[in-house]
Each structure stands twice: as C-alpha cells, then as structure tokens.
Amino acid sequence: MASDGPINLADLPLQQLQAVKNQMDEEIQHLTQSYAQLKQAQVKFSDSIESLNNIDGRKDEKVLIPLTSSLYVPGTLADVSKVIVDIGTGYMIDKSIPDAKDFYKTKVTFLRENLDGLQETITQRENQYKVLIDVMNMKMTEAQQAAKK
C-alpha cells in the first residue's frame, strides 16, 4: 500500500537515492531548457514590438526584406497602417500597428508570468536536489565508517 505522505530520504537505500538523483537531474535539465525556450520566445515578441515602433509612419521608405537569414532584397513600404501577424500554428492575420503591439505586449506579459512560475519551480527542485545530495553524502560517509570497523 502506497503512503500519501512525503518520503523520508534517509530511509531510502543508496541505490534508490541514486535513481531519484538521476530523475531529478533530468527534470532540472528539462525545466531549464523550457525556461530558455520561453525566454527566447519572450525576446522574439519584444523584438516584434520594437520593429513595430520602428516601422510606424515610414511609408514609401526603402527597406531590405529578408528572404532567408542571410539573403535580402530591396523593397518599398507601400502601406504601413497594417501588418501581418503570425498568431501561431501557421495562421496569419492583418492587424493595425496598435493592435499588433497590444497582441505582442499580451504575449510578453503571459510569458513573463510563466517564466516567473517556472523559475520558482526550478529553484524548488534545485533546493530539493541539494538536500538529496546531502543525504547521499551522509549515507556514503556512514557506509565508509561502517566498512572501516
């Protein structure tokens, strides 16, 4: 029968502690990667807001249009009152510049809130990991002392 309460790490054998450590290593790595990806998305949306600020009112101005990350063609801005916004999963819609800025600001705020929560979770897991390492070190020291006797 499984208990519903917390597990006392000191009661677990060293092999099980090692398995828990490996699992926590993977979880912390996954959480850290997720944090980096969310942070990258937040920067992308913030850059979009900055680009919208730069394009506002620049009608008939010559610009370079990216075809790939290293290939550009010259172009002229014909209508800067609307932009096409990628709203996810391949869907694009026309939005006015103020509406597009609001859209991206909402995304940035949403990601900031998620990043804060994820950072808190990472910190908790890292603290739990440190406790686990301390218990493992204590058990190894006890085993070494018992072996000397």
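Tutor: Two strands pair if DSSP finds at least two bridges between them. The model discussed here is predicted.

Student: What makes β3 and β4 a pair?

Tutor: Strands β3 and β4 are joined by six bridges in the antiparallel sense. The definition asks for at least two, so β3 and β4 count as paired. One of the bridges joins Ile-84 to Asp-94 in β4.

Student: Which residue in the hairpin of β3 and β4 takes a positive phi?

Tutor: Thr-89 does, with a phi near 45°; the hairpin has two residues between the strands.

Student: Why is Ser-69 called exposed?

Tutor: Its relative accessibility is 72%. Exposed means over 50%, so Ser-69 qualifies. Ser-69 is found in the loop between β1 and β2.

Student: How do you know that Leu-67 counts as exposed?

Tutor: Leu-67 has 53% relative accessibility, and the cut-off is over 50%, so Leu-67 is exposed. Leu-67 also lies in the loop between β1 and β2. Together with Ile-65, Leu-71 and Val-73, Leu-67 makes a nonpolar surface patch of about 330 Å².

Student: What makes Asp-25 and Lys-21 a salt bridge?

Tutor: Their closest N and O atoms are 3.3 Å apart. The limit is within 4 Å, so the pair counts as a salt bridge. Asp-25 and Lys-21 are four residues apart in helix α1, and therefore about one helical turn separates them.

Student: Is Lys-21 buried or exposed, and how do you know?

Tutor: Lys-21 has a relative accessible area of 18%. Buried means under 20%, so Lys-21 is buried. Asp-25, at 29%, falls between the cut-offs of 20% and 50% and so counts as partly exposed.

Student: How many salt bridges does a search of the whole structure find?

Tutor: Two. Arg-125 is in helix α2 and Glu-27 in helix α1, 98 residues apart, and the pair links distant parts of the chain.

Student: Why are Arg-125 and Glu-27 called partly exposed?

Tutor: Arg-125 is at 23% relative accessibility, and Glu-27 has a relative accessible area of 31%. Both values lie between 20% and 50%, so both residues are partly exposed.

Student: How many residues make up the largest nonpolar core?

Tutor: Eleven, among them Phe-45, Ile-49, Val-85 and Tyr-104. The elements giving two or more residues to this core are α1, β3 and α2. The largest share, six residues, comes from α2.

Technical notes: Residues are numbered from 1 along each chain as its sequence is written. This is a predicted model: local features need pLDDT of at least 70, side-chain atom pairs count only at pLDDT 80 or more; totals for chains, interfaces and linings use all residues. Side-chain values use heavy atoms; hydrogens and water are left out. Buried means under 20% relative accessible area, exposed over 50%, partly exposed in between (1.4 Å probe, protein chains only). Patches are made of residues with over 30% relative accessible area and no salt bridge: like charges are joined within 9 Å, nonpolar side chains (Val, Leu, Ile, Met, Phe, Trp, Tyr) within 5 Å. Accessible areas come from the Shrake-Rupley method with a 1.4 Å probe; for residues, only the protein chains shown count as cover. A salt bridge is a side-chain nitrogen of Lys or Arg within 4 Å of a carboxyl oxygen of Asp or Glu. A nonpolar core is a set of buried Ala, Val, Leu, Ile, Met, Phe, Trp, Tyr and Cys residues joined through side-chain atoms within 4.5 Å.
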